[in-house]
Amino acid sequence: MVKPRTRVRQLVSAGIGLVAAGLVVTTTVTANYGAASGTTGKGTLKLVAAADTVEVASYDGVAYVEPSVWLAAYDAAFEFRASHKAYDEPVKLTKTIIRGKKRTTTTAPASIVDGMKGFKDGLRVTLKNKAGKVILDEIRPLCPGGYDRQRVQTDGATGPVYPEFCGGNWFTKGVLYGIERGMAVPTVSDLEFETKGETALTMTMSVSKPVADFLGLPKASRSAKQNLVIVDGCPEGGCEGDGGGEGEMSTHSAHGADDDQGARTVVPRESLEGAEDGRGRLPLGGGAGGTSHGKPKKSSLPDLVSVPAWQISTAVDEEGTDRLNFAANEWNAGPAPMIVEGFRRGTSPVMDAYQMFYRDGKQVGMKRTGTMEFHEAPEHNHWHFLDFAKYELVDAKDKVVSTSGKQSWCLVPTDPVDLTVPGATLRPGQTGLESACGSKSALWLRESLPSGWGDTYDQSQTQAFDLSKVKNGTYRIKVTVNPDGNLYETTRSNNVSHRTVIIGGKAGARTVTVPPYQGVDTETWWNER
């Protein structure tokens, strides 16, 4: 067995290659086939800020702003085509609003077209210090496309359809970009500026009137203002040799800097209209989210299963407390993926969580299932779904003697557990609907467990069991998935697992003996057995 690490990428069975630490997480969902019936009238584009205040890292006097202001499409998809018949002819740019089967196309005035790059002088970025002095006033093209897309409507597109960029080269004849229904793209993804010693600034992003008029942006949604707090990206020389510094944005992505939040795989065009079960508009869209009625059908549900703990050891933490470390895994036996999506509640660090139900690759319903909170801590700095699992140390009578400090999760498929179950996904990194645990400025995120896959956490330090008041003796590590029944699944009969442990030693030197589980000794390396 591969030794667990913090937020491990490891395996549950021998003979399968190790999951890479930079795993790009996806779901088993493919696409929504067929036009959606849940459109709600006139489509609208809006400029949306994810937060009132944004922390920006500065490296040697140059600050890099991660995406935090978004161009969001509500109730329709917006498609843009830029093309010319010959290289020496001007580029023609059209906008098509897609509502269900209806498509309305208009041509942009030549004066606002910037070749293949989008809209000429479409975006203005202004930075002012506390005294009101302007330290940056930059006008740039507006690209209504790009990477790191966010979902802003529960019935919107289930994944990206359009390319991640605007533009081309000298010989490009035509490009297509856009924003799927119910999704948002960053207005700026490469903003950097000299801080000039400032530690607090006000940033305003605004769309020019000619471009805003053409796009149909409401007057109240043509600009967004945020407070920027400038922090040292390399405190006390911390960036030496670690890849930090010029050219890198201050992005706190989940599970390390290698993770990518923007899907790369193109899915069928029908999915840009989203699901078929109602409006589902979220607060940023101007209304409450809709939910489906009745209990979801069994074929659209996951089966969450608890796996007995392993790689169990004792240690003394940084505060001098005796701890019982362990690794725990909860997985999905199918037939459907388990998908929980969070939608930001205004500008607060809270997301409303919904469980999404899929059948045959199509979203068929959703239910409100709690909340997500941003966990700002070392090795975290991402969004956690609350009450997914519960870890307890119990005695022979199932009485709790200690609990884990782990109370929330960022769910991703770290381990293939059983790829023979119905609906199993063989390569979750290539389905085209990627997940991430989200940066601080995210509007939306998707956490998922595809069929056949589990999620392993290594419990250590404050997340491990406190043994200070636990007497020597025989106990069991009790792992419960979906403890409060908030998630819909096919059965809850397999939600609890136990692993026997024998605690000994004395304060400061506690010991643990772990008997094999059903003949399996998880406390040795699997290739040594």
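**Exercise 1. Find how many aromatic pairs the structure holds, and work through two of them.**

*Solution.* Start with the count: the structure holds nine aromatic pairs. Rings of Phe, Tyr and Trp (its six-membered ring) pair if their centres lie within 6.5 Å; planes under 30 degrees apart count as stacked, over 60 as edge-to-face and the rest as tilted.

Next, take Phe80 and Tyr177, a stacked pair with 6.1 Å centre to centre and 25 degrees between the planes. Phe80 belongs to strand β6 (residues 77-83) and Tyr177 to strand β12, so this pair ties together parts 97 residues apart in sequence. Strands (E, at least two residues) and helices (H or I, at least four) are DSSP runs, numbered from the N terminus. Both Phe80 and Tyr177 are buried, where buried means under 20% relative accessible area, exposed over 50%, and partly exposed in between (1.4 Å probe, protein chains only).

Now turn to Phe326 and Phe465: their ring centres are 4.8 Å apart and their planes are at 15 degrees, so they are stacked. Phe326 sits in strand β18 (residues 322-332) and Phe465 in strand β30 (residues 465-466), so the pair ties together parts 139 residues apart in sequence. Phe326 and Phe465 are both buried.

A note on the model: it is predicted, with local features needing pLDDT of at least 70 and side-chain atom pairs counting only at pLDDT 80 or more, while totals for chains, interfaces and linings use all residues. Residues are numbered from 1 along each chain as its sequence is written, and side-chain values use heavy atoms, leaving out hydrogens and water.

**Exercise 2. Work out which residues of the largest nonpolar core touch the most other members.**

*Solution.* First, the term: a nonpolar core is a set of buried Ala, Val, Leu, Ile, Met, Phe, Trp, Tyr and Cys residues joined through side-chain atoms within 4.5 Å. The largest has 49 residues, and Phe119, Phe193, Leu215 and Leu228 touch the most other members.

Then look around Phe193: beyond its neighbours within four places in sequence, its contacts (heavy atoms within 4.5 Å) include Gly61, Val65, Leu136, Leu228 and Ile230. Apart from this core lies another, of 39 residues, among them Leu304 and Phe388.

**Exercise 3. Is Phe171 buried or exposed?**

*Solution.* Locate Phe171 in the loop between β11 (150-151) and β12 (174-179). Its relative accessible area is 57%, so Phe171 is exposed.
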